[in-house]
Amino acid sequence: MTLDALELVLFWLAAGGYVAAWIFYLSGWRSNASHVLLTGTLVMTAAFTAHTAMVGLRWYRADHVPFLSAFEFVTFFAFLVAMVFLLFSIREKNRALGVFLLPVVLSLMLYAAFLNRVVEPEIPIFSSLLLKLHVLTTLFGYSAWSITFASSVCYLYLERKPDTTPGMFDLLAYRAAFFAFCFLTLGILTGALWGDRVFGQLWFWDPKETWSFITWLIFMAYLHARYTLEWRGRRAAILAIVGFAAVLFTYVGVDFLLPQIHGVQN
């Protein structure tokens, strides 16, 4: 088996594992069966292991961090979302979040399945460590925000049901939002510094830069509303969902709809 074929096998093993994990999470959510949710986490961990192997193999084949081409960027984004979910589910002991978060991972994997998988050489301008930090911290920020998004959807779903306690999802959304804001702030700063080093200008008001800044403002507004205005529950959840919509537009919509100097990887 060639390395290219092995990479494709690992990709579909990961995608199929995420589908199976989502089915277990959904079943466990509906039946309130903790052992089914645990099984979902075990399947999710196996799928993530295959995904990790795929990313590692891609890194070996491309000889650079695998988030420069469109395929690499989207699969790496899905990888980070899955990783952040597993970390939060272990720390917070909340596995039911997978019902609403795994569709995000699956959507990214489905999108990646239609992208060109050809390994492309690293352009010298992209070899900067500062640029890699920019992309990585930004992706971590958006991955953490996916937890805020899924927790907010959980909250909105549960608040309409009697005899439920959705408050823990509201708190989880807030905790993840704090990490998302910190990482995105680092991402914007490192991107500006890289732009100044390469192009002699900190900011271009490029569409992707502009929408990243808008997304950052939404993240900040969310945290400010919780701190100062004491927003909790429904209002905070709706703002979190708006923030995630901004994330999707920044990294999907902008690439298709607006001319820019950024590629999909930034």
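How are α5 and α7 oriented to each other? In this predicted model, helix α5 and helix α7 pack at an angle of about 45°, so they are oblique to each other. Two loop residues, Asn32 and Asp63, are also described below.

**Packing of α5 and α7**
- Helix α5 covers residues 129–158, and helix α7 covers residues 207–227.
- The axes of α5 and α7 are 13 Å apart.
- The crossing of α5 past α7 is left-handed.
- On the α5 side, the contact is made by Gly141, Tyr142, Trp145 and Thr148.
- On the α7 side, Ser212, Thr215, Phe219 and Tyr222 make the contact.
- The residues of this contact comprise 4 nonpolar and 4 polar ones, with no charged residue.

**Asn32**
- Asn32 sits in the loop that joins α1 (3–31) and α2 (34–62).
- The phi of Asn32 is near 55°, which is a positive value in a residue other than glycine.
- Asn32 has a relative accessibility of 71%, and because the cut-off for exposed is over 50%, Asn32 counts as exposed.

**Asp63**
- Asp63 belongs to the loop between α2 and α3 (70–92).
- Asp63 is not a glycine, yet its phi is positive, at about 60°.
- With a relative accessible area of 66%, Asp63 is exposed.

Key. Residues are numbered from 1 along each chain as its sequence is written. This is a predicted model: local features need pLDDT of at least 70, side-chain atom pairs count only at pLDDT 80 or more; totals for chains, interfaces and linings use all residues. Side-chain values use heavy atoms; hydrogens and water are left out. Helices (H or I, at least four residues) and strands (E, at least two) are DSSP runs, numbered from the N terminus. Buried means under 20% relative accessible area, exposed over 50%, partly exposed in between (1.4 Å probe, protein chains only). Axes are lines fitted to C-alpha atoms, for helices over the stretch in contact, and angles run from 0 to 180 degrees between N-to-C directions. Angles under 35 degrees count as roughly parallel, over 145 as roughly antiparallel, 65 to 115 as roughly perpendicular and the rest as oblique. A crossing is left-handed if the near helix is turned anticlockwise from the far one by less than a right angle, and right-handed if clockwise. Contact means heavy atoms within 4.5 Å. Ala, Val, Leu, Ile, Met, Phe, Trp, Tyr, Cys and Pro count as nonpolar, Asp, Glu, Lys and Arg as charged, and the others, Gly among them, as polar.
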